[in-house]
Amino acid sequence: MPKNIMPPGWEPPFPAWQSVWRDTNDPLLTAYFGIQAKQPALLEHWATPAFSSQYAPLSLERGSYVDQSGVKNYLYIAYWRLSEYQRWWSLEGNSGWWANRARLSEDAGYWREIVVMQFDRFETLHSVDEPHGVGVSADGMDGPMEKHGYSGAMRDRIPLSAEDDMKEIASIHTPLQAQAKDGGARVLVVPPENMCVIRSGQNWSFCEAEEKAYYLQHLYPVLLEGMHYLRDNPAESNCYSLRFVDNKDQAWGCVEQSFGLGYSTDLYAFENWARDHPTHLAIFGNFMQMVETFGEEMKLRLWHEVTVLQKDDCEFEYIGCHPKTGLLGYI
Ligand code: HEM
């Protein structure tokens, strides 16, 4: 966010809420299961029974996007408590399908990115007191909150920031550890300690016609530009991967929601981009104009969830994917 429009004492003219969970002993977990193919069918054959089996996820979403190599990706986004996920994954039908060598000869690439969200390394932010993402499984919402609307607020909301700067020492040029199997067709990648994961969502399905047109004409194009900047300039932005995903319904139809899923060397990469880069400044500036134009009638919903990862708290697996998929390009 622009520093110059936030002088000391500046009050953001938009409120914010965070999701709260009573039990913070069993961490939350996000699992992204993706396929690179013209259609999602091969993945869906696994997913349909898997996600309705015992220990099914707390919530499930679908999305699709075309990546920087022009390849179509379909994905499921599933949330669990860690212990329930482990029970679910231990069922042969769920994990065995991924381990099966049959995946190697199919006309598709598969990827699986599993992220544990320890409560002291995690925060959520919502522009309305209606949850999105992992917030759907929360016990409630807290707000309007004070810790928002200034640069560094995201960091301040992560409990660990009180005692740890959460900085990653290695640069984006440091090769990531990886383990190749099945003649190199299957690769497990280890991210650096403190890699930052952001899922930042937009929901314009509740907007009246005039606000929707405003969002699509003014805000959406600059958002797209920002997402492409992060996706295409890792050396400058320290962002390994950015997927700008359209949410889909159960039949893979459009639902007027999207999200950016980003991985960066540490949370400062996203903090710096949000504060200084012309693309997020343009996003922020257009948003402020929307707030001025539509005031309390504004129906656009924005939200994000941010995790600072421990490298042993995740799994990134790529099977027959093109070399620029996710973290694969950095091994
Ligand atoms: C329509 C889309 C977006 C709008 C209108 C928007 C606007 C904003 C606003 C108003 C804030 C301040 C939040 C607060 O603390 O109250 C913010 C923070 C932030 N945004 Fe965005 N944003 C959008 C999309 C994104 C996306 C897709 C990403 C990354 C993938 C992103 C990254 C960030 C980060 C990292 C911060 C936290 C900065 C900090 O606290 O230091 N934003 N954005």
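Two strands are said to pair if DSSP finds at least two bridges between them. In this predicted model, strand S9 (residues 186-190) and strand S14 (residues 314-319) meet that condition, being joined by four bridges and running antiparallel. Within this pair, Arg186 has Ile319 of S14 as its bridge partner.

The pair belongs to an open sheet of twelve strands, in the order S6-S13-S10-S12-S11-S3-S4-S2-S5-S14-S9-S8, with antiparallel pairing. The edges are taken by strand S6 (122-126) and strand S8 (177-181); each has a single partner strand, so one side of each is left without a neighbour in the sheet. On average, and with direction ignored, neighbouring strands of this sheet are turned by 20 degrees against each other. Helix H2 (residues 82-89) packs on the sheet, where it touches strand S2 (28-36), S4 and strand S5 (109-117). The direction of H2 makes about 120 degrees with that of S4.

Strand S3 (residues 59-66) has partners in two strands of the sheet, S4 and S11. With strand S4 (residues 72-81), S3 forms eight bridges in an antiparallel arrangement. The hairpin of S3 and S4 has five residues between the strands, and Gly70 in this hairpin takes a positive phi near 80 degrees. With strand S11 (residues 239-248), S3 also pairs in the antiparallel sense, over three bridges. Ser64 takes part in the pairing with each of these strands: its bridge partner in S4 is Tyr74, and in S11 Ser64 stands opposite Asp246.

Five of the five residues of S6 are buried, and the strand is mostly covered.

The ligand is surrounded by 25 residues, of which the closest are His148, Met154, Ser200, Gly260 and Phe287. Two or more residues of this shell are given by each of helix H4 (153-157), strand S10 (196-203), helix H5 (209-232), strand S12 (254-264), H7 and helix H8 (278-294). The largest share, four residues, comes from H8. By residue class, the shell around the ligand divides into 15 nonpolar, nine polar and one charged.

Helix H7 (residues 267-276) has as its buried residues Leu267, Ala269, Phe270, Trp273 and Ala274. Seen down the axis of H7, these residues fall within an arc of 160 degrees, so they line one face of the helix. An α-helix has 3.6 residues a turn, so residues three or four places apart point the same way.

The loop between H7 and H8 contains His277. A residue counts as buried if 20 or more other C-beta atoms lie within 10 Å of its own, and as exposed if 12 or fewer do. His277 has 17 C-beta neighbours inside 10 Å and therefore counts as partly exposed. In sequence, His277 is 51 residues from Gly226, whereas in space the two are 8.8 Å apart, C-alpha to C-alpha.

Conventions. Residues are numbered from 1 along each chain as its sequence is written. This is a predicted model: local features need pLDDT of at least 70, side-chain atom pairs count only at pLDDT 80 or more; totals for chains, interfaces and linings use all residues. The arc is that of the directions from the helix axis to the C-beta atoms. A residue is near a molecule or strand if its C-beta atom, placed from the backbone, lies within 6 Å of it. Ala, Val, Leu, Ile, Met, Phe, Trp, Tyr, Cys and Pro count as nonpolar, Asp, Glu, Lys and Arg as charged, and the others, Gly among them, as polar. Axes are lines fitted to C-alpha atoms, for helices over the stretch in contact, and angles run from 0 to 180 degrees between N-to-C directions. Two residues are in contact if their C-beta atoms, placed from the backbone, lie within 7 Å.
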